[in-house]
Structure formats: C-alpha cells, structure tokens
Amino acid sequence: MSIQTRYGPWAIVAGASEGLGAAHAEELASRGLNLILVARRSELLQSLALELSTRYDIETKIIVQDLSAPDAAEQIVRNITDLDIGLFIYNAAFSAIGPFLERSLDDHLKEIHTNALTPLKLVYLLAQQMLDRRRGGIVLMSSLSAFQGSAYISTYSATKAFNIVLAEGLWEEWREQGVDVLVCVSGAVRTPNYIASEPERTGGLGDMTMHPEQVVREALTALGKQPYVIPGRVNRMASFVMRHLLPRKVAIQFMGRVLRGKYMQV
Ligand SMILES: NC(=O)c1ccc[n+]([C@@H]2O[C@H](COP(=O)([O-])OP(=O)(O)OC[C@H]3O[C@@H](n4cnc5c(N)ncnc54)[C@H](OP(=O)(O)O)[C@@H]3O)[C@@H](O)[C@H]2O)c1
C-alpha cells in the first residue's frame, strides 16, 4: 500500500521549517500527501509550502506556532479540525547544551515542553481520529543520546528517552488497530541546528553525520514494520556496543567524554 493510501490525505509535520523537518515534508510531498507545516518562522514555512505545492501538486497549510507554549497543541488542533490527518510527525526539539546549573531552569522546562509535553498532547489529540478509522501513523524523533544519561544535555536526552518509551508503548497498544507508531532514534544529522551547535572540530563525529534525507527515508521505510529505527549502519553498530556490550556506567562515562570534548572548553 502506498504511503498516500495508508497515511493520507493530510500529514502534519511539527517543526517543519528546515533541516529534518523540511526533509520529512519534502519526502511526504513527493509521495502525494497534503501537508500541514508547523514552526515559528513564518517566512521559511511560506516558501517551503509554496515550493512543495508547486513542485508536487499538493495542498499545504502553514501554522505559525511556538511548540514550547503550554497551549501549543490545543492551538494547532483548533486550526485543523476540518482536515483528515493520517500522519503525524513530531520533529521539533529544544536542546539546552551546557553544564546543568549554568542553564536556566526556564531552559530546562522549555526542553520538557517542546520535546515531551507538546508531542504527548498532540499524540493524544490526533490519535483518536486515526483509531476511529483504523488507519494512521505517528513518528516521534528521538536521539541516540537518549539511550543512556548524557552529560551536558541531561534534560534533552531525558526528554528524548521519554519519546522512545512513549512511542514503543503506543506501538504495542495500537498496532492491531491500524495505527503505526515509530520512534526514530537518530545519530548526528547535518541540519542547520546541528551545524550551529557543532564547534569548529568536525573530524570524528562530523564524519559520521547523516544527511536529513537519508534519515527520513529510513524512518518512513520502518514505519508500520517496527516500533523504532536507528538510521544508519554505523549508528546501529555504535548503539549496539553502547547498549549491549559496555556496562551502563561505562557507556554513560563514554558519552560524557564525547560531549565534554565536543561542547566544553576542556
Ligand atoms: N540534528 C541532529 O544531529 C539530531 C540528532 C539526534 C536527534 N535529532 C532530533 O531530530 C529532530 C530535529 O532536530 P534538529 O535540531 O536537527 O532540527 P531541524 O530538523 O533542523 O529543525 C528543527 C525544526 O523545529 C522547529 N522548531 C524548533 N523549536 C520549535 C518551537 N519551539 N516551536 C516551533 N517549531 C520549533 C524549527 O523551526 P523554527 O525555528 O522556525 O521554529 C525547525 O523547523 C529533533 O527532534 C532532534 O532531537 C537531531
């Protein structure tokens, strides 16, 4: 069954204006789905919507919304009550990098709102319609940093762990009711956001980064077949070692060393 038949006619991408979100939007448009594109930067959304609707002959709707706002999910859903949504992709994230106490409490709470509360609420508000017609898909984006505690991004990685466990549970709960849930556990991807947070040093990890289009394609291929996907063979191997071969304490310390080397001036 094509993606359009299985998950159409409308898909919503939360965090769609650039990077992985824009790549999700482009891939879905190329497969004939109409798109609701959500993010904060209106101009980027408008030009993406125009480009995709022209190139792929699809319908688009943009919603300018800050996903860290406590009522973000309700605001979005209020705007789309008339649309038949078969696919929901939550891509947006906020990552406050740095020593835990050097980031404000507001930053930590913003991570929880953007990365955990808003996706949870949107899943809650969008899934019933999918379950009622026994057809739909939900993709939550997560990160390899969520497989163990990750120093200097502790709250971010904790929110991403929440997404993994949430999606896995819902995959099992809904898999026989026609709604596919997937968590995409990504390694480093060369998105504008990643590049901006990456210090000068791009050797090592820089060489392991993936392109957004590859990640999106692997995610859509896995949707409906399994509860989670780790895009990229190297990432799958690295995560196997981290999760199954190293003692958890050693994995946490290793991740800490990598992140310290990457983000701290030590
Ligand atoms: N890039 C990586 O290396 C990497 C690695 C592991 C996991 N991931 C995961 O992949 C996803 C994408 O990450 P990314 O950092 O590479 O970003 P991205 O896909 O390049 O862009 C993030 C998108 O989310 C939107 N967004 C961010 N905060 C928002 C907010 N508060 N309200 C509304 N929209 C918001 C941004 O648009 P506006 O700024 O216009 O709002 C942008 O369109 C995240 O879930 C991340 O955890 C990424």
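Q: How many residues surround the ligand, and which are the closest?
A: 29 residues surround the ligand. The closest are S17, L67, N91, Y156 and T191. A residue is near a molecule if one of its heavy atoms lies within 4 Å of it. This is a predicted model, where local features need pLDDT of at least 70, side-chain atom pairs count only at pLDDT 80 or more, and totals for chains, interfaces and linings use all residues. Residues are numbered from 1 along each chain as its sequence is written, and side-chain values use heavy atoms, with hydrogens and water left out.

Q: What does T191 do with an oxygen atom of the ligand?
A: An N or O atom in the T191 side chain is 2.6 Å from that oxygen. That is a polar contact (a pair of N or O atoms within 3.5 Å).

Q: And where does L67 come in?
A: A backbone N or O atom of L67 lies 2.7 Å from a nitrogen atom of the ligand.

Q: Which classes make up the shell?
A: The shell has 11 nonpolar, 13 polar and five charged residues.

Q: New topic. How many residues has the largest nonpolar core?
A: It has 39 residues. Such a core is a set of buried Ala, Val, Leu, Ile, Met, Phe, Trp, Tyr and Cys residues joined through side-chain atoms within 4.5 Å. Buried means under 20% relative accessible area (1.4 Å probe, protein chains only).

Q: Which residues have the most contacts inside it?
A: I12, I36, I80, F88, I138 and W174. Contact means heavy atoms within 4.5 Å.

Q: What does I12 touch?
A: Among others, I36, I80 and F88, not counting residues up to four places away in sequence.

Key. Buried < 20%, exposed > 50% of the residue type's maximum accessible area, 1.4 Å probe, protein only. Polar contact = N/O pair within 3.5 Å; in protein donor to acceptor, adjacent residues only side chain to side chain. Nonpolar A, V, L, I, M, F, W, Y, C, P; charged D, E, K, R; others polar.
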